[in-house]
Structures are given as structure tokens and as C-alpha cells.
Amino acid sequence: MDSGWFLHPQLARDSTSLGDLPLSHVLVNDDANYPWLILVPRRPHLVELIDLDDTAQALLMTEVTRVARALREVTSCHKLNVAALGNVVPQLHVHVIARFQHDPAWPNPVWNVVPPRAYERAELDGLTAVLRGQIGFA
């Protein structure tokens, strides 16, 4: 399935790998302002959701749901934002962002509100461990 696929360099630079689901590679965005996961389907040359066939679209939505439920369970967030934009990184990817009424951007979109805050190593290790378990990577 992933022949010729590679992770866009910006996604690789700005995130930490959690693991692979049947279709998607799952990442944690390295911005501790917001618990934020990214799913990247492991198929080459995808830009839009409509570039996936119907079966793969359904699988991606199943994976988004699985990851979103895990993120909500782990963070007890007030709201989940799910988006596939691709304006900056053209590779198809889906953001799943835990939002809180006290977060720096609430109730607006998270992009460019405050500078990204890198996770402390222990904080990132703790978050990734609990998310891996909740998603079922462990």
C-alpha cells in the first residue's frame, strides 16, 4: 500500500510518530499549546480527500474516529477540531485537535494565534505513551 509513499518533510520536522494504522501514519504535532494528532494516509501523490477511492475514504474516516475518540478520552477536551486543509503542506493529512475553553486560541482556529510551544521531553513521552495505549498501538 505504501510503495512510493514518504512523509512530507515539514510534517516530519514538526511532529513525532505515534504509529501506523491500516491506512494512516499517525503523528503528534509538536505544539504543546494544543494536544494535536495528524493522520497521513500512506499512499503516494494524495492531495485531497477525493483522491482516495470510496473504500479508502471510509477507512480514513474510521481511523480519524478511532484517533479522535482516543484523544478525547486522554485529554477530556471540550471540543475536537478535525480538518484537512493542505494549504501549506500539500500532502493529504487530517488534523485532530483537542480544544479547551481556556486554550490560547479559543474559540478561534489554532493556526498562528500563538507561537508553537515545543513539548518538554517527559511531557511528550507521557502523552505519546498514553495515546499509543488508547489508540491500540501498544
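An open sheet of 5 strands has the strand order β1-β2-β3-β5-β4, with antiparallel pairing; two strands count as paired if DSSP finds at least two bridges between them. Helices (H or I, at least four residues) and strands (E, at least two) are DSSP runs, numbered from the N terminus. The model is predicted, so local features need pLDDT of at least 70 and side-chain atom pairs count only at pLDDT 80 or more, while totals for chains, interfaces and linings use all residues. Residues are numbered from 1 along each chain as its sequence is written, and side-chain values use heavy atoms, with hydrogens and water left out.

- The edge strands are β1 and β4 (79–83), each of which pairs on one side only.
- Neighbouring strands of this sheet are turned by 20 degrees against each other on average, direction ignored. Axes are lines fitted to C-alpha atoms, for helices over the stretch in contact, and angles run from 0 to 180 degrees between N-to-C directions.
- Strand β5 (residues 94–99) is joined to β4 by 5 bridges, and the two run antiparallel.
- Within this pairing, A83 stands opposite H95 in β5.
- Helix α2 packs on the sheet and touches β2, β3, β4 and β5. The direction of α2 makes about 20 degrees with that of β5.
- Helix α3 also packs on the sheet, where it touches β1, β2 and β3. The direction of α3 makes about 20 degrees with that of β1.

**Helix α2**

- α2 has 22 residues and reaches 31 Å from its first C-alpha to its last, close to the 32 Å expected at 1.5 Å a residue. The expected span of a helix is 1.5 Å times one less than its number of residues.
- The buried residues of α2 are A56, L60, E63, V64, V67, A68, A70, L71 and T75. Buried means under 20% relative accessible area, exposed over 50%, and partly exposed in between (1.4 Å probe, protein chains only).
- Seen down the axis of α2, these buried residues fall within an arc of 160 degrees, so they line one face of the helix. The arc is that of the directions from the helix axis to the C-beta atoms.
- On the other side of α2, D54, T55, R69 and E73 are exposed.
- The buried residues of α2 pack against β2, β3, β4, β5 and α3; contact means heavy atoms within 4.5 Å.
- At the start of α2, a side-chain oxygen of D53 reaches to within 3.2 Å of the backbone nitrogen of T55.
- After α2 comes S76, whose phi is positive, near 55 degrees.

**Helix α3**

- α3 (residues 121–135) has 15 residues and reaches 21 Å from its first C-alpha to its last, close to the 21 Å expected at 1.5 Å a residue.
- In α3, the residues L124, L127, T128, L131 and I135 are buried.
- They cover an arc of only 95 degrees around the axis, which puts them on the same side of α3.
- The buried residues of α3 pack against β1 (15–20), β2 (24–29), β3 (36–41) and α2 (54–75).
- G136 follows α3 and has a positive phi, near 105 degrees.

- I38 is in strand β3 and is buried, with a relative accessible area of 2%.
- I38 and H95 are 57 residues apart in sequence, yet 4.6 Å apart in space, C-alpha to C-alpha.
- Leaving aside its neighbours within four places in sequence, I38 is in contact with L11, H25, V26, L27, N29, H93, V94 and H95.
- H25 is in strand β2 and counts as buried at 13% relative accessibility.
- The side chains of H25 and D20 are joined by a polar contact of 2.5 Å. A polar contact is a pair of N or O atoms within 3.5 Å; within protein, one must be able to donate a hydrogen and the other to accept it, and residues adjacent in sequence count only if both atoms are side-chain atoms.

**Backbone features in the loops**

- Most residues other than glycine have a negative phi, and most peptide bonds are trans.
- A cis peptide bond joins W106 and P107, with omega about 0 degrees; P107 lies in the loop between β5 and α3.
- N112 is found in the loop between β5 and α3. The phi of N112 is positive, near 65 degrees, and N112 is exposed, with a relative accessible area of 79%.
- H45 is in the loop between β3 and α2. The phi of H45 is positive, near 65 degrees, and H45 is exposed, with a relative accessible area of 75%.
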